[in-house]
2 protein chains.
Amino acid sequence: MEWTDGATPDFALTREVTFDRVRDAAARIVGRLHRTPVMTCAAIDELIGAQVFLKCENLQRIGAFKIRGATNALMQLGDEQRERGVLTFSSGNHAQGIAHAAATLGIKAVIVMPRNAPEIKLNATRGYLSRAPEGSEIVLFDPDEAKREELGRQIVEERGMTLVPPYDHPDVIAGQGTAAMELFEEVGELDSLYVCCGGGGLLSGSATSARAMSPGCTVVGVEPEAGDDATRSFADKVLRTVRNPDTIADGARTPYTGRYTLPLILERVDRMMTVSDAELARLVLLCMSRMKLVIEPSGVLGLAGAARDVREGREIGGRVGVIVSGGNMDLAQIPELMRLAEGAP
Amino acid sequence: MEWTDGATPDFALTREVTFDRVRDAAARIVGRLHRTPVMTCAAIDELIGAQVFLKCENLQRIGAFKIRGATNALMQLGDEQRERGVLTFSSGNHAQGIAHAAATLGIKAVIVMPRNAPEIKLNATRGYLSRAPEGSEIVLFDPDEAKREELGRQIVEERGMTLVPPYDHPDVIAGQGTAAMELFEEVGELDSLYVCCGGGGLLSGSATSARAMSPGCTVVGVEPEAGDDATRSFADKVLRTVRNPDTIADGARTPYTGRYTLPLILERVDRMMTVSDAELARLVLLCMSRMKLVIEPSGVLGLAGAARDVREGREIGGRVGVIVSGGNMDLAQIPELMRLAEGAP
């Protein structure tokens, strides 16, 4: 069945993403990546009215969680696959994840990126790729004309490469689940866990860890208002899509959740919600001024979701976890964020 | 003897600041303040060509190391002194330190601040003071007209308060020395330690810890070019002063080192140096984009010193410590920093 608007999720696929697989991923990547700190901040606790534990993946290698899934996937390639190399498509952080893992593991990588990806992410990807084997390159495309998956699959067929998609792959999802696993290991069980959602890799991996390590924890997925495909999919229980959503959360501009991630979200996530760009801007600035941490707009989605729930009177419990997904932001964007934040509730 | 340009330091005073006193301060403040993380970053290691350990006092309570000395000093007041309250003068971070410690310990505090102090520091000080006992207040002065020490001493006499100066006090210096003490405890001995210098409290405290815990470590104090009084004092071995230096490093606009800090610096610091505002701006932006940490311009003085030494071919060793002093920066300043950084070497 084609994976287009209205498609029905296949729940049999969720069996491929078990907590054991997350644990295996953790054992595989340990020592190669940072065990990122869990941080707390009095100003954030005050805002949310709870003890908030922020798992700081902005302090991860490449500045985002994406290196977890990328490393886990690349480490499992066979000899011939390693020889022919890998391809991926990504608006940014997954591109950096694959480029960094490819350079570290000595595997050739081709990365398909939209022309409008943030300059900082293009440059960083180029930097990592320069240390990867010869033949590694970035292929730019115009997001209005080409569908990145189609372009990617075409190159894969031509060059015999292995596709490592940005989220819809059990090894990628299991790798992303290691962040929440580390969070629960460090702070124990939680009342709620807020996770950002683009394609749903981090969210479904996090939910897999939560179900196993903190069964009573309410897992909430958070999207930008303009990119609310997963929230609508969650409500309708079929695939809903969005086209080039206009949001500052560039990491969550993904057009749809995947064949794996959608049934995983439906099975293991308790609730989906959206937040406005103004709320994201306000929280990026709050985290910079009070926590002294640079978190990109997509990275504060979880925190913005918790703040919105509290503002709207939802009960979220006294111990709240948030996955801070990344920190790769163009600093030139800050004046725009300051203007946007003025409209925040 | 008056403490003015050309004054001779009294080395007998250095005996009041021993490493034992730093250790006592650490025992006193433990649990009340954060044990800040020591962070590393591949991009910084590459820039410096060494393993660089950053002691992140920007992640300290109030966003700066100043809370260490303030807490240590206030905890040692007698009953009558506590009753009458404390006064201090500060361009910002020490003000927040005293305000926070006063609120926590229930002591009345009057804080004399220049009108041109950064808005973020004025607001934060106001916020902490609002939880301190009644009678606590900020007194603003015009830095071009009044000497803050004179104004402060006048209020102290009128109200019978205890003066807790921002740096020139053995308890304050000992408290500041606990940051470097924690750094050495965590990473062991170092080849060099770079510390920013305003009035010299952090620098002389850090040097005291270094002499005791890592005797072979070269301790370097770093000032902004416009506020080079300590560097000239170090060369001339008498007090040199500066007047309202024009620098983005607002935490290091101090006009001179103190009766305690100058002889301590002469006795325990190996070298003094300056860096330009363009270098500071470049490093603030580098730390934000690569380390995902917000560090104020004064806070990167140490790192900028290490970078300059390496650029100029000085041997600084393979294991380098840097005290990152604070992170309280107006984010509206970032576009200005981007312009300034274009002129960096």
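Is B:Glu80 buried or exposed? With a relative accessible area of 57%, B:Glu80 is exposed. Here buried means under 20% relative accessible area, exposed means over 50%, and partly exposed is in between (1.4 Å probe, protein chains only).

## Before we start

This is a predicted model: local features need pLDDT of at least 70, side-chain atom pairs count only at pLDDT 80 or more, and totals for chains, interfaces and linings use all residues. Residues are numbered from 1 along each chain as its sequence is written, chains are lettered from A and ligands numbered from 1 in the order in which they are written, and side-chain values use heavy atoms, with hydrogens and water left out.

## A helix pair and other salt bridges

B:Glu80 has a partner: its side chain meets that of B:Arg84 in a salt bridge (3.3 Å, N to O). A salt bridge is a side-chain nitrogen of Lys or Arg within 4 Å of a carboxyl oxygen of Asp or Glu. Both residues lie in helix α4 (residues 79-84) of chain B, four residues apart, about one turn of the helix. Helices (H or I, at least four residues) and strands (E, at least two) are DSSP runs, numbered from the N terminus. B:Arg84 counts as partly exposed because its relative accessibility is 41%.

Over all chains, the count comes to 44 salt bridges. One of them links the side chains of A:Glu312 and A:Arg308 (3.0 Å, N to O). A:Arg308 counts as buried at 18% relative accessibility, while A:Glu312 is partly exposed at 42%.

## Around A:Arg271

A:Arg271 lies in strand β9 (residues 271-275) of chain A. At 24% relative accessibility, this residue counts as partly exposed. Its side chain is joined to that of A:Asp309 by a polar contact of 2.6 Å. A polar contact is a pair of N or O atoms within 3.5 Å; within protein, one must be able to donate a hydrogen and the other to accept it, and residues adjacent in sequence count only if both atoms are side-chain atoms.

A:Gly221 is 50 residues away from A:Arg271 along the chain, yet their C-alpha atoms are separated by 6.3 Å.

## A sheet in chain A

Four strands of chain A form an open sheet in the order β5-β4-β3-β6, with parallel pairing. Its edge strands are β5 (137-141) and β6 (162-163), each of which pairs on one side only. Two strands pair if DSSP finds at least two bridges between them. Strand β3 (residues 86-89) and β6(A) pair over two bridges, and A:Leu87 stands opposite A:Leu163 in β6(A).

## Where the chains meet

Chain B and chain A each bring 21 residues to their contact, where contact means heavy atoms within 4.5 Å. The area buried between them is about 1,600 Å², with carbon and sulfur atoms giving 71%. Buried area is the accessible area (1.4 Å probe) that two parts lose on being put together, summed over both. B:Lys292, B:Val294 and B:Leu331 supply 37% of the area that chain B buries against chain A. Between the two chains, the count is zero salt bridges.

## The nonpolar core

The largest nonpolar core has 150 residues, and A:Met288 and B:Met288 have the most contacts inside it. Such a core is a set of buried Ala, Val, Leu, Ile, Met, Phe, Trp, Tyr and Cys residues joined through side-chain atoms within 4.5 Å. Among the residues that B:Met288 touches are A:Met288, A:Val294 and B:Leu293.

Technical notes:
Lists of a residue's contacts leave out its neighbours within four places in sequence.
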